[in-house]
Structure formats: C-alpha cells, structure tokens
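Hi,

Here is the structure I said I would pass on. Have a look at it first, and then read on for what turned up.

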Amino acid sequence: MNRNAELFQKMLTIRSFETLLLEKFSTGIFTGTTHTSLGQEANAVGVLSHIQENDVVVSNHRCHGHFLAYGGDPLALYAELMGKPDGVCGGVGGSQHLHWRNFYSSGLQGGTVAMAAGMAMAEKRKGDKAIVIDFMGDGTLGEGIVYESLNMISLWQLPILIVLENNHIAQTTPAELAIAGDISQRFEAFGIPAARIDSSDILEISPLAEALIGRVRNESRPQALIIDTARLGTHSKGDDTRPGEVVEALWQERDPLTIHGSRLSEGVRSSITIKIEAYIQAAFTRALGKED
Amino acid sequence: MAENSPTTVLSSLNQGLHQSLQDDPNVILLGEDILDPYGGSFKVTRGLSSKFPERVLTTPISEAGITGIAGGLALRGFHPVVEIMFGDFTTLIVDQVINHITKFDAMYHGQTSAPVVIRTPMGGRRGYGPTHSQTLEKLFLGVPGLRVLAPFHLQGDDPIGSPGKLLYDAVIQGSSPTLFVENKLQYPLKLLSGDDIKEYSITDRGALTQSGLPFYELHLKGAPAADITLASYGYMAKLALDALHQLAYQHEIFCELLVPTQLAPFELAPLLSSARRTGKLITIEEGTLSLGWGAEVLARASENLGAELKSARRIAAKETVVPAAPQLEAEVLPGVEDIIQQVREMV
C-alpha cells in the first residue's frame, strides 16, 4: 500500500471507530460519556506516525484517535467502553483514562501537562533519546498549572512536543470567549518555540510534525505545535450548541478524510473503506461477545 | 556509623534522605530553596545538593507543577521526593494528589503506579500566622490510594533513627504515593532513647496492622492499669506524652498513649485494643476539630467497640485561624494543659 493510502486507512480507522461508537451509544451498549475525535484524525495520525517505540504519548479526554493512531487495539478500546474485563484498563478507566504501553490519557486537563513534563524529565535522565508527545486542547490553556509546567519544561529543556489541537471550542465555549492574546506567544513567552499550522490536511501536518519531532529528539529540548483544526462532532455525545450550518460548513471544508481521500482513486478509497469498516465492525462485535 | 547517629528528628530525617539518595539512583528531590548552603527552609535537605547535585533540584514556586512533574517521573520509574515548604501550601497540590498521582494505580487497572513521596511541615507555635501555621493533613486523610505518614521522635535500632527510617522506607520501597507529615516543632526534638525513656514501657504494635509500620504503645513502667487511652501522632504525641507524665505524678491518673506512624489508611487495631481495655478514648490532634483525624478514629472505635467504649472525646484546634501573636496562638492550639483538663474531666 502506498503512503497516501496508508494514511487514509489510519485516519479512516479512527473515523469508523468513532462513527460506530456514536451510532451504538444510543442502544445502551456503552455507558457514561465519550468524546470523539471526529475531524481531528489528521492530527493524531500526522503526529503519531513519526514516534519511536520508547516514546511516551500523553493524551486527554478526547483520546480515542490518539490511542488508535498510537497502535492501540480497537477491540480493547470498545471492550473498555463497554466496561469489560478485556478492556484496555479492565473497564475501570472508560473512555478518558487509557494506559497501554507508553500511552497515557486522563480526563483532567492542565494537570496532564505537568505529568507529561515529569515524564520528559524521566526520559531525558535515562538518556535513551525517547521523547514525550503531549496532546492538549485550546480549553486547557485556561488552567494555571499549564504555565507552571511550561516554565519548568523550558527551564530544564525537557524533550517534549506539545501538540495543541486548537479546535476553537471548549465544550460549548468558543475560543474567543476564553482565550486572550495569541496562543503561540503563550509558549514563546517561556522560550518554547511554537510552530503553527491551520490545516486539516494530513500531508501538511505530517511533515511538519516529523521535522519537529526530529528536532525535539536530536536537540533534547521542548517544542510546541499548534494545529488549528475543527471539531466535526459534538463535545461528547449530543452537546453541540453551534448552529447546524456552521458545523455543516466545517464538514464541507475541514474534513480530513475528504481532503486526503480525494488524492486516492475511487477504487482504492472504496476498497479501503470496505476493509476498515468490516475490521471495526468485527472489533465491535467481538468486544460485545467478551465476558462482562 | 556511631558518630553519625542522628540526635534530633531533623537530623534523622536528613539522614534518611541522604541514605535514600545514596542507596537508590532513581531517587530525585524537588523543592523550593532546598539547595545548599540554605538547605531548605527548615534544613531537612541540608547537605544533600552538595553531595548529589544532579538529583537535588531547586524549583520555582510552583507547588502544583513540581508535584505533577514528580508524578510523571514516578510513572516512568523514578522515586521522586517533593518538599512542600509549608504544609499550608499543600492546598496547591490537591489536584495533583487526588486526581493524578493516587489515581493511576487503580484507574489504569494496576498496570502502573506513581510512588511519589511528598514531605511537608505542618503546625504552629512559631508565630508564623494564619497561612504558615496550619495543620491540614486531615484534608488528605481518606484519599483512596494515598498513604499519610507522620514520624514520632523515637530512636530505633537502625542507624538513621526512626523518623529517618520511616522516610527512607517510604522513598526506597516506592510502593505507593505518600504524604509524609512533619511538624515544625518536631524538628528540634531530641530522639528519645536510653535514659530519656527509661521510665516508659514502649511497645511497637505495628505487627497488628497490615502496613506493619510502627504503632507505639507507651505507658509508665510499673503504673497501674491505664484509666484511659490517649491517641495522638507527630508533635501532638509529644505533648500527649508530657500530659501523661504529669497526670500520673500530679493527679494519679494513668494513661496509655497510642501513636500511629501511618495515619491513613486507617489501621487502628492497636489503638482499638487499648481502648477496649480502658473503655475511654481521647484523640489529640493539632488540626481543627471537625471532620479531622480524631473524628474518623472515634467513628471506627464506636463501630468496633460498641458499648465497650464508654466515653470518648476529641482534642483539637479551635475552628478559626492560627493567629500570629503567641498568646493568641496559644488560645487556639491545643496544649498540655488542655489534655490534662480533658482527661481529668473524663475520668
């Protein structure tokens, strides 16, 4: 499979997982809450395609895409969301709290940045060139511990790539009601270089992420990557206060699957789609069949 | 080792940290103003940065941040120790402790844990005023996954002394997140040994608990059966011991003092056993009364002893700020006279 088809397939894995999840949520198979990665697939795949085995990934409440792009098993994630012993964390963690290999997510916001900083300090001290990728959202910028952490990340030159997925909305609050000034400057004020890209195109995000990851690894220092992106789904299951036409326009303009899919022939696209949808359906069915 | 044997709680704790850095290359100390020559606000870390400069880090005034960083270090295999300069500032680390560090073990289904040790001095009687004198550990008692320890000023058989040994083991074993509660007036206390304690019968009942950590039972040698059980920890246990002595010699009231070094999880078998014998129990703590350590101890004593517990009281600080002026401070914090008075009323 060529590179373009492979990236499409990885993003489609996330898309199919989340779509089926939302579809089945209303049937009562899943309980609690969930935050889907719809619209942000290119970020997860674009960044995590470039990590190495010992690298550490820290994610947040919107973590399914990151988990799947990291290599996590859709079956184990479905089982987790169904609260089954075979789930990623035995059903204890649920949608937001996943740990597998070097992947850690939590439903908390700013605190995870401090935790990620500590992990980067650990990897730096081990001297094995491993780095930390820390995904955060624009909403997280409101919490004070973020700035304590950025200060120490820079002070101690910790090898961390902070990926800020700016989807311009925190639950229901638009960024313009919550964020003053320029986001990049918040990093730059601490001496952390910030690259910024406004894109949902994986072919733009991926090479940038690759270069930044290389820099963090080789120079053992921090870097921020701000991706202006779009949340195509609701915050969790049904809480979207944006007007329908606004969301519809985002689907037209910012869907990473449409943007990248157009580079593939219809035949290739459709064969990948059939394959991945069947794979995800099978993961769901097998998870459902696991013992409670 | 003899010439290095610690003589005070402070030197014992210092030696415990020293030994842990020496024995375990994964130990890292983080804290504000902990570098030499200053060596920390209360000098517990004195000498450590000179000996282990790579692993003793001074930090910005970022209690939440450094506690979070310690959590990340611990998740990735290190044994971090955080010093929070004043116990009052532990309010700044609550999210890190409750929602992060203590969550990982259970939340990630036992796949990992973050064995951070957080040390901090609580307590008043130094005239530092309302925001530098509080005893706040009750806020952390009962947090699932968090162990709360408090040393007692006894010299054990080990070369680093019992307070230092308690700290050393918490750091080295790296078994679970730990809040290690020190007390400002405890630091200069001479470690009790030999002649200091020849009047007392001291038994460690720790074997009756799951943790096995020291749980001391003290009474005067040759005294009649105790009339009442006193329960206390940390510096207040020193005041309780003073009260016990005076009650015996001046009022012929005989007490048994129970001193846990593990406050949480609540493992009270030695204490309950004493209270069953005496039928009377007083808890003594320096924090404010409501929902404190004593409240939980009495609730458990009541559940376990039923009618065998004939009467019970709590001694604690008044529910107000700790004033700066010494005479005002003394009115708020419980002292030896308060303990004596309460015991006399109860017997």
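Start with the two helices α1 (residues 3-25) and α2 (residues 41-48) of chain A: they pack at an angle of about 130 degrees, and their axes are 9 Å apart. Do keep in mind that this is a predicted model. An angle over 145 degrees would count as roughly antiparallel, and 65 to 115 as roughly perpendicular; α1(A) and α2(A) are therefore oblique to each other. The crossing of α1(A) past α2(A) is right-handed.

Which residues meet there? On the α1(A) side you'll find A:Leu7, A:Lys10, A:Met11, A:Ile14 and A:Arg15, and on the α2(A) side A:Glu41, A:Ala42, A:Ala44 and A:Val45. Six residues of this contact are nonpolar and three are charged, with no polar ones.

Next, the sheet. Chain A has an open sheet of seven strands with mixed pairing, in the order β2-β3-β1-β4-β5-β9-β8. The edges are β2 (99-100) and β8 (194-198) of chain A, each with a single partner strand, so one side of each has no neighbour in the sheet. Further in, β1 (residues 56-59) and β3 (residues 103-105) of chain A pair in the parallel sense over three bridges. One to look up is A:Ser59, whose bridge partner in β3(A) is A:Ser105.

Finally, helices and sheet together. α2(A) lies across β1, β4 (132-137), β5 (160-166) and β9 (223-228) of chain A, at about 165 degrees to β4(A). Helix α5 (residues 111-126) of chain A lies across β1, β3, β4 and β5 of that chain, and runs at about 170 degrees to β4(A).

Cheers

Methods:
Residues are numbered from 1 along each chain as its sequence is written. Chains are lettered from A and ligands numbered from 1 in the order in which they are written. This is a predicted model: local features need pLDDT of at least 70, side-chain atom pairs count only at pLDDT 80 or more; totals for chains, interfaces and linings use all residues. Side-chain values use heavy atoms; hydrogens and water are left out. Axes are lines fitted to C-alpha atoms, for helices over the stretch in contact, and angles run from 0 to 180 degrees between N-to-C directions. Helices (H or I, at least four residues) and strands (E, at least two) are DSSP runs, numbered from the N terminus. Angles under 35 degrees count as roughly parallel, over 145 as roughly antiparallel, 65 to 115 as roughly perpendicular and the rest as oblique. A crossing is left-handed if the near helix is turned anticlockwise from the far one by less than a right angle, and right-handed if clockwise. Contact means heavy atoms within 4.5 Å. Ala, Val, Leu, Ile, Met, Phe, Trp, Tyr, Cys and Pro count as nonpolar, Asp, Glu, Lys and Arg as charged, and the others, Gly among them, as polar. Two strands pair if DSSP finds at least two bridges between them.
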